[in-house]
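Student: I would like to learn how to read a structure like this one, step by step. Could we go through it together?

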Number of protein chains: 2
Amino acid sequence: MEAAHRGKQSFVFDEAPAILSFASVAGRKEAEGPLGTSFDRTAKDTKFGQKTWEKAETQMQKTAMTLALQRAKLREDQLDAAFVGDLLNQCVGSSFCMRDRDIPTFGLYGACSTMAESLMLAAMSVNAGYCRRALALTSSHFASSERQYRFPLAYGGQRTPTAQWTVTGAGAAVIGQKGDGPFLLNATVGSIVDMGIRDAANMGAAMAPAAYETLRAHFDDLRTSPEDYDLIVTGDLGKLGYQIVKALFDRDGVKLEDRYQDCGVMIFDLERQDVHCGGSGCGCSASVLCGHLLQRMRQREIGKLLFCGTGALLSPLTTQQGESIPAVCHAVTISAERS
Amino acid sequence: MEAAHRGKQSFVFDEAPAILSFASVAGRKEAEGPLGTSFDRTAKDTKFGQKTWEKAETQMQKTAMTLALQRAKLREDQLDAAFVGDLLNQCVGSSFCMRDRDIPTFGLYGACSTMAESLMLAAMSVNAGYCRRALALTSSHFASSERQYRFPLAYGGQRTPTAQWTVTGAGAAVIGQKGDGPFLLNATVGSIVDMGIRDAANMGAAMAPAAYETLRAHFDDLRTSPEDYDLIVTGDLGKLGYQIVKALFDRDGVKLEDRYQDCGVMIFDLERQDVHCGGSGCGCSASVLCGHLLQRMRQREIGKLLFCGTGALLSPLTTQQGESIPAVCHAVTISAERS
């Protein structure tokens, strides 16, 4: 194989692995949003028939995985690997989804960048021949996140203007060596960037510089520019983070225009749904990618997509200890055609 | 590149990436144990000069990484990727170590299997040409684990006979395309196994079946047997888990003999140091591998090592919700020679 490495932090997939199938699951609020009809399964019950919100998260992952496998006409034992992770402490949403399935499993922690990280690693593994078929899977849940990161829901705390709303949702994609696509062409791995934001209710501002750095590296490493993509989406920067990324590129004389969007802004009607700066969580970019975006790619409405997962790598404890918020962004180029 | 996939869940590295350098850091109790002289850095201060135990964990990772890079005569900007993770909620030990270093970073969560998972992914990336040099790094800290998973230290809770002692330690290894070795030959990715153990103070019993399953798959997929290795080590099963793995193989008519050992048993004098079943934590197998074991391989005292990271994928919350403990084991073959 030709050396895949490009520039500072990118690489190309010479075999362009295919997304064989994908599926998305979302909660009630997401179903009521602008992308509501694009999710494969939605539920009015925020517990998805389970006893706890954490088990609901596992249930959403199971549903997304099962549906994606059905669509690819694959059995679980035909997966050579799964790349999974979520926001719950010790990533238990994913581990409990994958237990006793006999699927070789790599656990990831990339916070809300997990859909991009898992896609990237699945594509790397398939492209290099380590796996024939690999699963990328993640989720988040508003209620499990709220009580883990912020306040008990019953407390009814006031949300600040920069706050985001954790998406209840999951996304699954099955990657294989051959197929009709869309295809994964290349990836840019993010470095961890911390610009000193200490407000855990302003994660958009904390993540925006990481998104900017990874996008810059991507364009430089692969000698592309924004015009080479029909759509560039970040994961969950929300309205403020989105504006910061646009402003950072403006400063460089690069106009991203409407070619650039953010899943956290797309998934909710920000005013009507009272979600302040927009959606967040692993499930945000996962359910938008594995629903709306990949559906539009299959319909050839989007030819080339630069999908950028963004994650804030804080914990409640680091905030209590006075720390600022490190963030990361991973980017993957997805194309309707093989090149 | 030839298809790397083998059997059910293994693959081979046709270019056999080299471990360019490695380093280990450990705490005072570990320094007083049987492997005390093998750690590169130890500290009497359990906070490693920091204000909190969590920051101490980041500090240990920094020290291990810096030392490994120095030994490989590499600057940070010569790393194309880092594969990092730890036990702290949201893996903050690792994210805070890697922030603002300009090193493309993949966050992992494999609980105590992280050293094997990170080594495996680093070798996969280097072997396939995605990276020229990659870092594998992890840590754990007795005090940060104890308060996160169990009780505040000041509470002075009584430990049960099957309890293990989380190792305060870190390990780092730099993987490259060329070098004098040791070399990474192949890997077996574990599936998540849950045999129904619900006692969070008996993680050895929870993890032993996962270790058995991965070892069985490894021998089957790669057509090897225990005699093909000078040493087989599991990460942190402790005395009880170690005995269970031996018993499971005995049942199959396979005698592992003294060829099989466990890092959790090796790192402490179980009786003298009052650690009950032995050591645990990501830092256990990481500091034993990146100290004692790789040193012995460099000295040709061990020719072929099967290194098996073992992880219990529970959280305090899943235990509170009455759940049993899923576990995983990843195995990597490390050889003093290139084949």
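Student: What does the model score, and how confident is the prediction for chain A?

Tutor: This is a predicted model, and its scores are ipTM 0.98 and pTM 0.98. For chain A the average pLDDT is 97, with 99% of the residues scoring at least 70.

Student: How many helices and strands are there in chain A, and what box do its C-alpha atoms fill?

Tutor: Chain A holds 10 helices and 15 strands, and its C-alpha atoms occupy a box of roughly 55 × 50 × 35 Å along the principal axes. Because a compact globule of 339 residues would have a radius of gyration near 20 Å, the 18 Å of chain A agrees with that expectation.

Student: How do the axes of α6 and α7 of chain A cross, and is the crossing left-handed or right-handed?

Tutor: Helix α6 (residues 203-222) and helix α7 (residues 238-251) of chain A have axes that come within 8 Å and cross at roughly 35 degrees, and the crossing is right-handed. Among the residues that meet there are A:Gly204, A:Ala208 and A:Tyr212 in α6(A), together with A:Gly238, A:Ile244 and A:Leu248 in α7(A). The residues of this contact divide into nine nonpolar, three polar and no charged.

Student: How many residues does the contact take from chain A and from chain B?

Tutor: In general, the size of an interface is often given as the accessible area lost when the parts come together. Here we have residue counts instead, with 54 residues taken from chain A and 54 residues from chain B. On the side of chain A that touches chain B, β5 (81-86), α3 (92-98), β6 (105-107), α4 (114-127) and α10 (316-320) each supply at least two residues, and α3(A) gives the most, with four residues. That side of chain A has 28 nonpolar, 17 polar and nine charged residues.

Student: Let us turn to the backbone. Is the peptide bond from A:Gly181 to A:Pro182 cis or trans, and where is A:Pro182 found?

Tutor: The general idea is that most residues other than glycine have a negative phi, and most peptide bonds are trans. The bond from A:Gly181 to A:Pro182, however, is cis, with omega near 5 degrees, and A:Pro182 has its place in the loop between β9 and β10 (183-188) of chain A. In chain B, the bond from B:Gly181 to B:Pro182 is cis with omega near 5 degrees, and B:Pro182 sits in the loop between β9 (169-176) and β10 (183-188) of that chain.

Student: Is phi of A:Phe48 positive or negative, and where is A:Phe48 found?

Tutor: Phi of A:Phe48 is near 45 degrees, a positive value in a residue other than glycine. A:Phe48 belongs to the loop between β4 (41-42) and α2 (53-71) of chain A.

Definitions and conventions. Residues numbered from 1 in each chain as written. Chains lettered and ligands numbered in written order. Predicted model: local features only at pLDDT ≥ 70, side-chain atom pairs only at ≥ 80, totals over all residues. pLDDT = per-residue confidence, 0-100. Axes fitted to C-alpha atoms, helices over the stretch in contact; angles between N-to-C directions. Left-handed = near helix turned anticlockwise from the far one by under 90°. Contact = placed C-beta atoms within 7 Å. Nonpolar A, V, L, I, M, F, W, Y, C, P; charged D, E, K, R; others polar. Rg over C-alpha atoms; globule rule 2.2 N^0.38 Å.
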